[in-house]
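The sequence and the model come first.

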Amino acid sequence: MSKTKTVSEVLIDVLTTAGVSNCYGIIGDTLNFVGKAIEKSSINWVHTRHEEAAAFAAGAEAMITNKLTACAGSCGPGSLHLINGLYESNRNNAPVIVIASQLAATSMGTGFPQEVDFLKVYQDTSVFCQMVTQPQEAQRIFTQAAQAAINKRGVAVVILPSDISKMEVVEQPIKIWHPQPVTRPNDSEIEELVTAINQGNRITIYAGYGSKDAHNEVIALAEKLKAPVVHTSRAKDSIAWENPYQVGMTGMFGTKAGYEAVKNCDTLLLLGCSFAWTEFYPENANIIQIDHDATQLGLRHPINLGLVGDIKTTLQTVLPKIQPCSDSSFLEHHTALFTKIMDKYEAHATPDDKHPIHPQQLIELIDKHADDNALITADVGTPMLWGSRYLTMNGKRRFLTSLKHGTMANGMPQAYGLQKAFPARQVISLSGDGGLAMLMGDLLTAKQENLPIKIVVFNNSSLNFVEQEQKGEGLVEVFVDLKNGDFKTIAEGCGFSAQSVSKSSELEAAVQTFLAHKGPALLDVVISDKELIMPPAISYENVKNMVWYGSKAIFEGKGKDVIDMIKNNI
């Protein structure tokens, strides 16, 4: 007679076969049998203090390792708390499987306390969502979910009623399929692509996350075309390193060099790139887009040629057919401009106790003293911007922030996921004071799980990114001030080594001590709240709105704030 197992045990066997190492979450009554199955398996249970943190952590691990990762929540509010982190994971195309435990099937539809229709809730944030209604269906659903998350690149949700979770079934052999086909445009499309590229004179390459595995091919193409390389924020750690052709980014996070390289080209190659802000595209260029997903072609801006293919394979095919360009003036102009911009940034990184600490100085010191293979996360807001602009990538470091979902509070929990996946590597969270406060209870997760993450707090007592958006609209800031507690004391109470710094002359020594600590550490840095995020190109509208802001602020008695802002940035 075949041996039977509980449905929960079958679930964990499927996840183990699919490569899951960690499951993040908070245990609850409807998860009890799943918890016992995990306890007997090779999968680690990672006990966070909020389910949102669990989903962030699972998504970060899945995205950086490219492996299926799990998170779990109990019925009703427990699994609902996962939702924001799952939106982040699904938009990042991170393979995450969610165990959303549910009330007993016999209680469903009765209005029982904590009853939530998870099938409706999760439809918009998953590539697969199904409830187990019969124990005999369970293994098929679990296998489908794992394969959907891995192959469709997103969140797969399994809704498991508590009574079914403890029922016994006969387990069948388990096999998880993950085929990896190689795709490129057909031969006639390749010839059309080559012709279009060879006709260009001022060519710019705009590399997105879809080109993450094609670093060498992008460099080779840039060399042959004498083309500057602009990258999206998500492609920074895969494209920017050892790249003499890179000129940074465009968009609000970008530099003038990246902005002008896109605006002034006559041919723009979009490689695995679906940059959303149409105003930063060129007006009269021939735009060529290559993407693995045909639905992305022309989605953001009209294009002249759209092709489907893996960027690496497609470039390997076209490179021998491309005519080398001998005129490097377009490239040299933009690389020289990029160098000049980065040199100017260095001036803001110089210690000066007469003024508040510039965030550029803090980023420069983190960049200088972090390990060569550090994993760095950043909260949405100004930490995300400073990290995206100024961290140095080298092919070993990774940088992760919430760029497609744009949620606050992502930095610290994503760092937990990376530290759990890579226990021997240095993991740093660039946390905003507003973002950290949202999930501050999960500071305790570092102690709970013995995770030596490093959290640096950009403490400007403000929702600073929002404040700058308001000023950019010509408004005097409203509702953005933060009356923070003592982050140092709070962190120490949670088991962290902690420091607080407000003088720029003391910052470097503090950063070195902070990063060298063997356990979890927090560095609270009081930075200037007047540092402006300068756009790559200043428009008439930018100037007009800032003048409006300054005039209104003076009339409201905030003239000193305007003067301090001018002194801090000019």
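A polar contact is a pair of N or O atoms within 3.5 Å; within protein, one atom must be able to donate a hydrogen and the other to accept it. The model described here is predicted.

## Thr204

The side chain of Thr204 reaches the backbone oxygen of Ala261 at 2.5 Å. Thr204 belongs to strand β9 (residues 203–207) and is buried, with a relative accessible area of 0%. Leaving aside neighbours within four places in sequence, Thr204 is in contact with Pro228, Val230, Ala261, Val262, Cys265, Thr267, Leu268, Leu269 and Phe330.

## Domains and annotated spans

The chain divides into domain 1 (4–170), domain 2 (187–339) and domain 3 (350–539). Between the C-alpha centres of domain 1 and domain 2 the distance is 39 Å.

An unreviewed UniProt entry lists "domain: Thiamine pyrophosphate enzyme N-terminal TPP-binding" at residues 6–119. That span, residues 6–119, is 43% helix and 18% strand, with its end C-alpha atoms 23 Å apart. UniProt (unreviewed entry) also places "domain: Thiamine pyrophosphate enzyme TPP-binding" at residues 379–525. Residues 379–525 are 39% helix and 18% strand, and the end C-alpha atoms lie 15 Å apart.

## Nonpolar cores

The largest nonpolar core has 55 residues, and Leu362, Ile428, Leu430 and Val456 have the most contacts inside it. Helix α22 (residues 507–516) gives the largest share of this core, five residues. Because domain 2 (187–339) and domain 3 (350–539) both give residues to this core, it lies between them.

Not counting residues up to four places away in sequence, Leu430 touches Ile363, Ile366, Ile376, Thr377, Ala378, Asp379, Pro383, Gly387, Leu391, Val456 and Phe458. Another core lies apart from the largest one; it has 50 residues, among them Ala62, Val96, Val157 and Tyr209.

## Aromatic pairs

The count of aromatic pairs comes to seven. In one of them, the ring centres of Tyr206 and Phe275 are 5.7 Å apart and the planes stand at 55°, so the pair is tilted. Tyr206 lies in strand β9 and Phe275 in the loop between β11 (267–271) and β12 (286–291), so the pair ties together parts 69 residues apart in sequence. Tyr206 and Phe275 are buried.

Tyr259 and Phe280 form an edge-to-face pair, with 6.0 Å centre to centre and 85° between the planes. This pair links helix α12 (residues 256–263), which holds Tyr259, to the loop between β11 and β12, which holds Phe280, 21 residues apart. Both Tyr259 and Phe280 are buried. One aromatic cluster is formed by Tyr206, Tyr259, Phe275, Trp277, Phe280 and Tyr281.

Conventions: Residues numbered from 1 in each chain as written. Predicted model: local features only at pLDDT ≥ 70, side-chain atom pairs only at ≥ 80, totals over all residues. Heavy atoms only, no water. Domains from an automatic or database assignment. Core = buried A, V, L, I, M, F, W, Y, C linked by side-chain atoms within 4.5 Å. Buried < 20%, exposed > 50% of the residue type's maximum accessible area, 1.4 Å probe, protein only. Helix = DSSP H or I, 4+ residues; strand = E, 2+ residues; numbered from the N terminus. Contact = heavy atoms within 4.5 Å. UniProt positions renumbered as here; feature names shortened; annotations may be inferred. Phe/Tyr/Trp six-rings, centres within 6.5 Å; stacked < 30°, edge-to-face > 60°.
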